[in-house]
Each structure stands twice: as C-alpha cells, then as structure tokens.
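Let's take a friendly walk through this protein, from its surface to its charged pairs. Have a look at the structure first.

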Amino acid sequence: MMLDKAFAGPRRRFLNVCTGECIRMDLPVLAEHMLVALTPEGLLLLLHEPTHMLRLLNPLTLQLTDLPPVTALLRPEQQRRSLGWGLKLGDVLRVRGASLVTDASIVAVSFSDPMVLAVAKPGDETWTAVDDRHMNSTLPFAGRLYCAFYLGVMVLNISSDQQPRLVMAAKWNKSFYLCQMSASLHLVDNGGELMLVHRMLCSDNEDDDDSHSDDENGDDSYEAYLRKYEVYRVDLDDGILIPVKGLNGRAVFMSMSRTISVSAEVFPFVTADTIYLGFDCDKETLEYNIADGSREPCNSDERVHPCSVVDCLCNCIHGTGKLLA
C-alpha cells in the first residue's frame, strides 16, 4: 500500500503490510492525474480531469487501466459546479473506497459524494449504479465485495443474467441501532478472516442515569462518554456476526476511512489483539485492548495528529511523525 504522507514530487513510498518491507517508486503519471483512492490490492484510483475518466494505476508495473467517465453519476449541482462554475471535478467528487472483484475483472467504487456504489469493467462506456444507501465501509474479501450497513454485512452479487445487487451476508443476532452521528462500522481482512469493528459512543458510567443529562449550560456533557470498540467475526457460513475478544495475535490500525490488519510477528513494535486508532476516531491516537477495553495513548509526537490509518501505522512503528514526509 502507498504511504499517504511519504512523498516528495512524483516519488512515493510503498509498504508491504505482510512482510514489513518498504520501497520507493517514481510515479510521473501523478502529475497528470488526481489521486482519489487507494485500493486494498495496492492500486491507485486516479481521476483524469480533461476527460473525467477514472483510471487504475499499478504502481509496480506503471500500467494504467481506463475506466468510464464519472460524469453520469454526478448530482446536478455537482455537474453545475464542475462544468458550469469552472471548478475541477476532483474538488467536488468524493470517493470512500475502491477495489477489484470477480477475479479482478470488475472495479467497484464506493462514492460518498455522490452517494452511490457503482461498478464497471475496462471497456465499459458507463458505470452501473448498484446502491445509493449510506455504507460505513467496503472491503474485497475472497474475490467478492462486502459492505457494512446498520443491518449487517452485505455482499455484492454479480451474475451474467442479473443486474449487480447487494444481498445480505451476515445479520446482527441482536436488536441493533447504529447512530451515524456517533458510531461507525469498519470491515477488515484479519489475516484471511473477515471481521467487523463497531465503533460506538458509550456512557462512562452506564449505571449512572445522570450520565446522559445535560450540564448546567444546557450542552451535552461529552466528557461523560467514551469510545468503545467491539469486534465481530463475520461467519459467512451461518450468516451471523459473532462477538470476539481477540484478533488472532494480530493488530488492527483503524481510521475513519481505512482499516488494516498486520501481524505482530512482522511488526514487533505493535501489541497483538490491539486496535491502534487514528486521531479522527477518538480525538487522540490510542491503543485499545480488545480483551479488557483498556486504552493507552500511542507513543508518538504530540504535535502530530495522524488523520489516516497509514499515518497511525507509521507513527506506531517508527515512533515519530517526521518519517512520514
């Protein structure tokens, strides 16, 4: 994967999360494109402004794959801004994630603005819209694309005789409500096992009825609440989510946009069965122990507040934010 902050001009640094090795690559093609997303497979999703086409770049081979223009997916106001107001499309387009599915023959992109999951393959003239509901996260796993919703985990079903659609893969086995303002769901490939992290806001003292009351100024007492993280194994055979208290000896690095699992044996500076949280998840960079819910600040430069999981990963391994640039 590409380290977001590790660049100078066209040069980028890439980390192999399986081996811990780093390489640097010159990518002159970035001068003509805007980077809009990184795929879990290590590819770069680029926007070509003159044609409004999306392209996939393999940073190791420098091969570019053309995908359809995104113009037809834009909301009317986005089209007015990009086409009539002279703004660049990259200034109004927002992509949550992208990945390869169906033997890497189809590209799936989760757009957050416009809010739509769309698929296309090289040679298509247009994107096919699949679903316009809010998705917390998407992740390719075992050749298929999984999406986290408040209902559970859904999978993208693609067949030759039907339009692409999402079907339920694993439901919550309890009554569940997801507040999109204070909670989120994060899918992660944990060493070959699909898992889901539920980020939520809970009362610091759940037995104290006053913990939900307003303070004397009428504002919510935010200090009475703490972030809590629950982990589930996605059982695709039985179609359920099973609570777990460990990560099989691995560590998970999580931000609001990306979640990555690494081996504690490959990265000896991390602690097994621990979630390392980016600053955007909990207002500070934390280590969260899955077994007992304890939390400790990460050992990083206090002046650096990493806002992506890659920054968080680099800070925890190297212990400094200076190595990010």
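## About the model

This is a predicted model, in which local features need pLDDT of at least 70 and side-chain atom pairs count only at pLDDT 80 or more, while totals for chains, interfaces and linings use all residues. Residues are numbered from 1 along each chain as its sequence is written, and side-chain values use heavy atoms, leaving out hydrogens and water.

## Overall build

The protein has three helices and 24 strands (DSSP runs numbered from the N terminus: H or I of at least four residues for helices, E of at least two for strands). Of its 325 residues, 48% are buried (under 20% relative accessible area; exposed is over 50%, partly exposed in between, with a 1.4 Å probe and protein chains only).

## Charged pairs

Five salt bridges are counted (a side-chain nitrogen of Lys or Arg within 4 Å of a carboxyl oxygen of Asp or Glu). One of them joins Asp-66 and Arg-55 at 2.8 Å, N to O. Asp-66 sits in strand S7 and Arg-55 in strand S6, 11 residues apart. Asp-66 is partly exposed at 39%, whereas Arg-55 is buried at 15%.

Another pairs Arg-233 with Glu-193, at 3.8 Å between the closest N and O atoms. Arg-233 lies in strand S18 and Glu-193 in the loop between strands S16 and S17, so the bridge ties together parts 40 residues apart in sequence.
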